[in-house]
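Work through the exercises below with the sequence and the 3D structure at hand. Try each task before reading its solution.

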Amino acid sequence: YGNLKDNPYFNVKAPHGAAVFEDWNHDYAPVKNYLTNALKFWLQEYKVDGFRMDLSHGLCGPNCNSRSANINYYYNNGVKAVAKDAYFILEHWEGMEERGGYVNNGMMCWENTNNNYMQLAMGWLKDGDALNEANKDGYVSYTSSHDEQRPFWKAKKYGNGSIATNEATRLGRIAATVGMCAMLNGPQMFYMFDEIGYDYSFCSNATGTAGDKDKPAYGEPTTGCYDLDPKPIPEVKGWYTNANRMKQYQKLGQLIQLRTKLAPSVFAGNPTSSDLASGKQLRSIIYGSGNSRIFIIANFGTTAKSFTLPTGNNWYDYLAGSPSQLAAGKSISLAAGDIKAYTATKYALPDVPNAYTFVGIEDVEAEEMAKSSIYPSITSDFVKIDAEEAISDVQVVALSGAMYSPKYTEEGVVDVTSLEEGLYLLVVRFQ
């Protein structure tokens, strides 16, 4: 590439405020063609659902005057040109242009609401805990992310009163905190294991020991924070049979199924009303009208608090699976940290498991693993399985999730000639 300073592909000095190494020069035609073709390739070859563009405010040339034009070019020519419904999510923090223009064009923008949900998990009801900014179309808000501290670690360390000292009390807030995120308007996201109240620090190591920092600021050295270390694994900890965690997991699953399976058309519309402002103990949102109305309410305080059911129709207590109606205007006491969903139409409560057991790789002796091998990994006709144990079943799983049951011999020869070209996982079970 020659002298980097004379290289047209890169900006040696980033022209924006979030520099991480040298930036690509997105005003240079070969760079623009390269990224456009890469976007098309992943959509056409691997059928991905879309992209989340990290540091999208860095899609600049030697200056950022053409950043907005570059972003729209990549979206229109690299994404919509081949997959008009694919996601294109921007982590766009520098407000040098209005993000709404990207949203109006069909993109989505990152909306950091981690602090909001941490405050609610801790039960302090202050310091930017409003959920209004999370409740809008086109903005991906979230409880936590790969860059953020975990709300329930924060609650364990800094929670209000018994939230910090009593595990059952603290974990009893999972469905309210994560569930309210899942029920708000627009695209919502929660990070892996938030649904069971993951409460090890972002700065912890594999044993769960945290460094001497809660969370380094952006660009700050991470000395004292094991942010890149492996973290404790919930399956190994037995969390998926922990009653406190799994009761909340079950409730959260039932809330999500109300939105995605039972009444998707109701949630597809904008909320009829919402009460999500900072400092409020009770937060609520209503979708739909008439017999389609759905009312969600959560208590983020540390004491029980009463509310009255909205007028206009009678209600069913969805999470209670109650067969009888409750009258509009009825006063109900909501326990601290709890969430309720009331529906004008009765829905059967889905069956969501309240426990899972796992046989993990830590249960398999290394020498046993070495007794089998599968080859070749790139083939158009046959795969050979060499193993001391007898094979009981072979399945092939495509990256799309499609599953196939190929023919195989007692000698472990698997016929994959009927599969289309692509990437697959081979799942082998032994007797």
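Predicted model: local features only at pLDDT ≥ 70, side-chain atom pairs only at ≥ 80, totals over all residues.

**Exercise 1.** Classify Asn37 by its relative accessibility, and state how far its C-alpha atom is from that of Val79.

*Solution.* 
Step 1. Asn37 also has its place in helix H1.
Step 2. Asn37 has 46% relative accessibility, so Asn37 counts as partly exposed.
Step 3. Along the chain, Asn37 and Val79 are 42 residues apart.

**Exercise 2.** Describe how strand S9 is placed: its burial, its side-chain directions and its pairing with S8 and S10.

*Solution.* 
Step 1. Strand S9 spans residues 282-287. Six of its six residues are buried, so S9 is largely enclosed by the rest of the structure.
Step 2. Sort the residues by direction. Leu282, Ser284 and Ile286 point one way, while Arg283, Ile285 and Tyr287 point the other way.
Step 3. Turn to strand S8, residues 273-275, which pairs with S9 in the antiparallel sense over three bridges. Here Asp275 stands opposite Ser284. The two strands form a hairpin with six residues between them, and Gly279 in the turn has a positive phi of about 85 degrees.
Step 4. Turn to S10, which is joined to S9 by six bridges and runs antiparallel to S9. On this side the bridge partner of Ser284 is Ile297. This hairpin also has six residues between the strands, and Gly288 takes a positive phi near 80 degrees.

**Exercise 3.** Which residues have the most contacts inside the largest nonpolar core, and which element gives the most to this core?

*Solution.* 
Step 1. The core has 28 residues, and those with the most contacts inside it are Leu184, Leu258 and Ile296.
Step 2. List elements that give two or more residues: among them are helix H8 (174-183), helix H10 (243-262), strand S9 and strand S10 (294-299).
Step 3. H8 gives the most, with five residues.

**Exercise 4.** What are the strand order and pairing sense in the open sheet of three strands and in the open sheet of five strands?

*Solution.* 
Step 1. The sheet of three strands has the order S15-S16-S19, with antiparallel pairing. Its edge strands are S15 (373-375) and S19 (413-415), each pairing on one side only. Neighbouring strands of this sheet are turned by 20 degrees against each other on average, direction ignored.
Step 2. Check one pair in detail. Strand S16, residues 382-386, is joined to S19 by three bridges, and Val383 has Val414 in S19 as its bridge partner.
Step 3. The sheet of five strands has the order S3-S4-S5-S6-S7, with parallel pairing. Its edge strands are S3 (50-53) and S7 (188-189).
Step 4. Check one pair here as well. Strands S5 (residues 108-111) and S6 (residues 139-142) pair in the parallel sense over three bridges, and Ser141 in S6 is the bridge partner of Glu111.

Conventions: Residues numbered from 1 in each chain as written. Heavy atoms only, no water. Pairing = 2+ DSSP bridges. Helix = DSSP H or I, 4+ residues; strand = E, 2+ residues; numbered from the N terminus. Axes fitted to C-alpha atoms, helices over the stretch in contact; angles between N-to-C directions. Core = buried A, V, L, I, M, F, W, Y, C linked by side-chain atoms within 4.5 Å. Buried < 20%, exposed > 50% of the residue type's maximum accessible area, 1.4 Å probe, protein only.
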